[in-house]
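Hi,

Here is the structure I said I would pass on. Have a look at it first, and then read my notes below.

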Amino acid sequence: MFKFPHLDVTAQLGITPICMVSDSEIWTHLVTPTVKGLLGPIVSQAAPELLDTVQGKFFGDEVSNLNDHRLYGGKTGFVRFPYSYSFYKTLNGAFIVKRDGVKFEAFCWYGDIDRTPELILKAALRDRRFDGTPRANDTALVDYPYDDPQFNTPLHPSLKSVELSIYGFMPGSRIADATGEPEFDRFVASPFSFLDRPALFLTYFKRAWNTKRSPGQHSAPIKDVSSHSLPGFERIARAHGYDLIEMAASHYHVAKWAQSGGYVFASSEQARTFAAINEALAAIRSAGHPLTRTQQSWACVAQSLPVEHIPADINMRGPIWMQDNLGQQCLWVHKPMTERARQALLPPS
Amino acid sequence: MRKFTFQRLDVLESLGITPLTLVTDEQVWTELFTPMTRALLGEILDFTRGTKETVEGDFPGDKVSNLNNHLLYGGQSGFVRMPYHSTVYRTTNGAFVVKRDGVKIKAFGWFGDYKNGKAELIFMCALRDRRFDGTKRANDTALLDFEFDDEKYNARLAIDGQPINASAVELSAYCFMPGSRIVDASGDAELDLFVEKPFTFLDRPELFLQLFKRAWETKRSPGQNSNPIPDVSKVLLPSFARIARKLGYDFIQNAPSHLHVALWTRKYGYDYVDPAQAKMIADLQAGIKRIKANGVVLTRSQESWVCVLQSLREDLIPEELKLHGPKWPQDNISQENLWMYQPLHDGAKLLYPKK
């Protein structure tokens, strides 16, 4: 007699364990004490909603439609997969959780939501099972595409893997707010997007060099985010049955942070490039150019300039930073959560 | 300040994953595919499966729908918004296919060489969660043949216009004895189409009447362009109800396309949702009784045809079959459906008391 095979229907339909992470877990483990202190206690909760438009509830609350789906006869402004939206009003702002089958994304907004609130924390975990296929871009909760099979294929076909992402911004510290210069703010936030204008890049680069901001930090980071978030993410990932936690490190200081948390590079080639960058940074310093940690990250970014524009004293003559957040090449780093993952990822003996 | 208590969010439910996803293929095969249907298909030999997002399925005739006309990936047609999972079980004489997404499970029995487009669809049964009915989202499942977004005709069970806090699932079933299609027996594709979908001929009243007269002499009821499989009507409704009850649904519903289908479900305790439609059916039945009392002998299939006939232009309706008013409410062209329901437990009876 025929034996019917088991079928995990919800998984087949793109519902992964990550969507089962509760708002309470997120608030408890990912929203740090400093952020909670800034937001103040939760005072009320709106009824959860299911949304299917790109437009959010207020400016800055938008989601994405990276595959350019045009629903209902060709209309723009919709997303393929609806996402649930939980809104909590806090004493000084709002805590918002968006989730669909493959991702949750939590936002902490500081200030009056109806006026001009500041995003001070964004924390997300995303199931990587569809990476390397167009379906990866179907979630409305991604800022970057992950469909390129060359750069974003999951590390191991049978390991359940989740990607973390985290951004913390101290309120009132945005470069644009402090300087009145939105372009400089954009440069610090996304320096690689200025590479097509090398002279302008260099102008801003020289200014950024003397700030306390690393590339990507158009606002000052919140201090306890770096110490709290990795353990919080890992705890959640482990509790929901993931084998592996990963992240794509946008800059040198992020990669170093991940390394200090026990993360290793997925690609041996990228690991070699990273080692070469480390050696080059050491050489620059031993040549008499002390570099702060932020300057180390900036030195890495500068290597992507046309060679004649790279300042001679920080020219590494070769290695280039691997992730520019423009193309799909990512610097994937990972940490096994289970023995199964550790065994599966052992280098061949 | 008091510590905030987070309320539980049913994530799966909010994302449109309903209890129907828990129905197994084995349940469908053993409880919904009748002994005769299983015997016709033969033994299951092996299977292929996968998640799909295109209207085209795994073999010729194996299509799904995109009723909201979503154009994905920069405006391309041929895709569906909500991916669905499909398993094709090869059987000795054909295939048993199960398709499912978050809100619906739909199974098909194909008799013959399905891989080369030479199979007959002999059985189709489905259960569909009605939570999105009356909204555009209802049409987003790729496993639909008809739209359900009209809030007037396809609203969920409601009292005084307010949907009741209850879950409901719609059943649907079609069965066709292999080799019995009208077109196969007569070579007359138009008559076949007329018997299958008579209301679509109402815009050509003379042709309707001509084909009606021929259908009248057959043993086929409207909708039956093939002969039904005999044990389906005996086995199916209790099985559907058992599965739905086990999943925790409060109500099971159907939208019968013709009188004989409505009477079949009535026999199993289904009631009409809309009192106005219930009165219409009562009027139709009273009219049929009058016709019979006048000496016209009507078979069960002819009773269903009489109901269809009332939608024809009044002057063309044969005098002895004229009911002077009541019309069959569901034509499978517009979204008006003849919704029926059955409570699945005692508590449900209280949620939606019989009118």
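A word on burial before anything else: a residue is called buried if 20 or more other C-beta atoms lie within 10 Å of its own, exposed if 12 or fewer do, and partly exposed in between, with C-beta atoms placed from the backbone. This is a predicted model, in which local features need pLDDT of at least 70 and side-chain atom pairs count only at pLDDT 80 or more, while totals for chains, interfaces and linings use all residues. Residues are numbered from 1 along each chain as its sequence is written, and chains are lettered from A, with ligands numbered from 1, in the order in which they are written.

On confidence, the model scores ipTM 0.88 and pTM 0.91. Chain B has an average pLDDT of 95, and 99% of the residues score at least 70; pLDDT is the predictor's confidence in each residue, from 0 to 100.

Chain B has an open sheet of 9 strands in the order 1-2-3-4-5-8-9-11-10, with mixed pairing. Two strands pair if DSSP finds at least two bridges between them. At the edges are strand 1 (44-54) and strand 10 (271-272) of chain B, each with a single partner strand, so one side of each has no neighbour in the sheet. Strand 2 (residues 79-91) and strand 3 of chain B are joined by 7 bridges and pair in the antiparallel sense. Within that pairing, Arg90(B) stands opposite Ala95(B) in strand 3 of chain B.

Strand 3 (residues 94-100) of chain B is also where you'll find Val97(B). Why is Val97(B) buried? Because 25 other C-beta atoms lie within 10 Å, Val97(B) counts as buried. Leaving out residues up to four places away in sequence, Val97(B) touches Asp62(B), Ser86(B), Thr87(B), Val88(B), Ala107(B), Phe108(B) and Trp110(B). Contact here means that the C-beta atoms of two residues, placed from the backbone, lie within 7 Å. Val97(B) and Thr48(B) are 49 residues apart in sequence, with 9.7 Å between their C-alpha atoms.

Two loop residues of chain B are worth a look too. Leu312(B) sits in the loop between helix 10 (300-309) and strand 11 (340-343) of chain B, and is buried, with 21 other C-beta atoms within 10 Å. Phe208(B) is 104 residues from Leu312(B) in sequence but 8.2 Å away in space, C-alpha to C-alpha. Arg131(B) lies in the loop between strand 5 and strand 6 (158-159) of chain B, and its 19 C-beta neighbours inside 10 Å make it partly exposed.

As for helices, helix 7 (residues 232-246) of chain B lies across strand 5 (118-129), strand 8 (168-175), strand 9 (251-254) and strand 11 of chain B, at about 155° to strand 8 of chain B. Axes are lines fitted to C-alpha atoms, for helices over the stretch in contact, and angles run from 0 to 180 degrees between N-to-C directions.

Over in chain A, strand 8 (residues 244-248) is largely enclosed by the rest of the structure, because 5 of its 5 residues are buried. Leu244(A), Glu246(A) and Ala248(A) point one way from strand 8 of chain A, while Ile245(A) and Met247(A) point the other way. Strand 7 (residues 161-168) of chain A runs parallel to strand 8 of chain A, with 3 bridges joining them, and Val162(A) stands opposite Ile245(A). Strand 10 (residues 332-336) of chain A runs antiparallel to strand 8 of chain A, joined by 5 bridges; there, Trp332(A) is the bridge partner of Ala248(A).

Helix 11 (residues 293-302) of chain A is mostly covered too, with 9 of its 10 residues buried. The cover includes helix 7 (198-209), helix 9 (252-260) and helix 10 (268-286) of chain A.

Finally, the two chains meet: 34 residues of chain A are in contact with 31 residues of chain B. On the chain A side, helix 1 (9-12), helix 2 (23-29), strand 1 (42-45) and strand 3 (78-90) each supply at least two residues. That side divides into 15 nonpolar, 13 polar and 6 charged residues, where Ala, Val, Leu, Ile, Met, Phe, Trp, Tyr, Cys and Pro count as nonpolar, Asp, Glu, Lys and Arg as charged, and the others, Gly among them, as polar.

Cheers

Terms used
Helices (H or I, at least four residues) and strands (E, at least two) are DSSP runs, numbered from the N terminus.
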